[in-house]
Amino acid sequence: MLTSRAAILAVVVCVIALSLAYPLREFILQRSQIAELRDQQARMEESVGELQAREDELVRDEYVEREARTRLHYQYPGETAYIVIRPDDEEAGPGEAEPDTPWFTTLWDSVEEADDPSPDFGP
């Protein structure tokens with residue numbers, strides 16, 4: 001069926017194929033890593049551009065003044081600032097009601113509850 005030369009040739013071909021498989025796999029893996037790094041670099045460059053634009057805005061005095069007036073409600077001496085509160089804002093909804101206990105009491109109660117689990121979960 002198979003001659004000894006054909007068998008040796010088949011073994012040599014298999015050895016060559018196996019010796020090339022690992023470097024080829026590494027090559028493909030490195031190419032995918034390079035593509036991911038290029039995508040990451042593009043995202044970083046876009047982020048740097050956005051941050052530079054934000055820095056340019058923050059350098060301008062008009063922008064800083066506008067932000068201080070709108071966000072922090074600053075005004076010049078002699079000016080009167082009015083804050084309009086709509087009736088909808090005065091009424092707290094069911095999820096926005098003030099809690100009866102301070103936050104640290106609620107936290108401590110949850111720690112104690114976690115330390116002593118209820119018997120409903122056990123046999």
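**Exercise 1.** Classify Asp115 as buried or exposed.

Solution. Asp115 has a relative accessible area of 68%. Buried means under 20%, exposed over 50%, and partly exposed in between (1.4 Å probe, protein chains only). Asp115 is therefore exposed. The model is predicted: local features need pLDDT of at least 70, side-chain atom pairs count only at pLDDT 80 or more, and totals for chains, interfaces and linings use all residues. Residues are numbered from 1 along each chain as its sequence is written, and side-chain values use heavy atoms, with hydrogens and water left out.

**Exercise 2.** Place Asp115 in the secondary structure.

Solution. Helices (H or I, at least four residues) and strands (E, at least two) are DSSP runs, numbered from the N terminus. The protein has four helices and zero strands. Asp115 belongs to helix H4, residues 103–115.

**Exercise 3.** Describe the salt bridge of Arg69 and Glu65.

Solution. A salt bridge is a side-chain nitrogen of Lys or Arg within 4 Å of a carboxyl oxygen of Asp or Glu. For Arg69 and Glu65 the N to O distance is 3.4 Å. Both residues sit in helix H2 (residues 61–71), and because they are four residues apart, about one helical turn separates them. Arg69 is partly exposed at 30% relative accessibility, and Glu65 is partly exposed at 34%.

**Exercise 4.** Treat Arg71 and Glu67 likewise.

Solution. Their closest N and O atoms are 2.9 Å apart, a salt bridge. Arg71 and Glu67 are four residues apart in helix H2, about one turn. Arg71 is exposed, at 60% relative accessibility. Elsewhere, salt bridges with shared partners link Glu65, Arg69 and Glu79 into one network.
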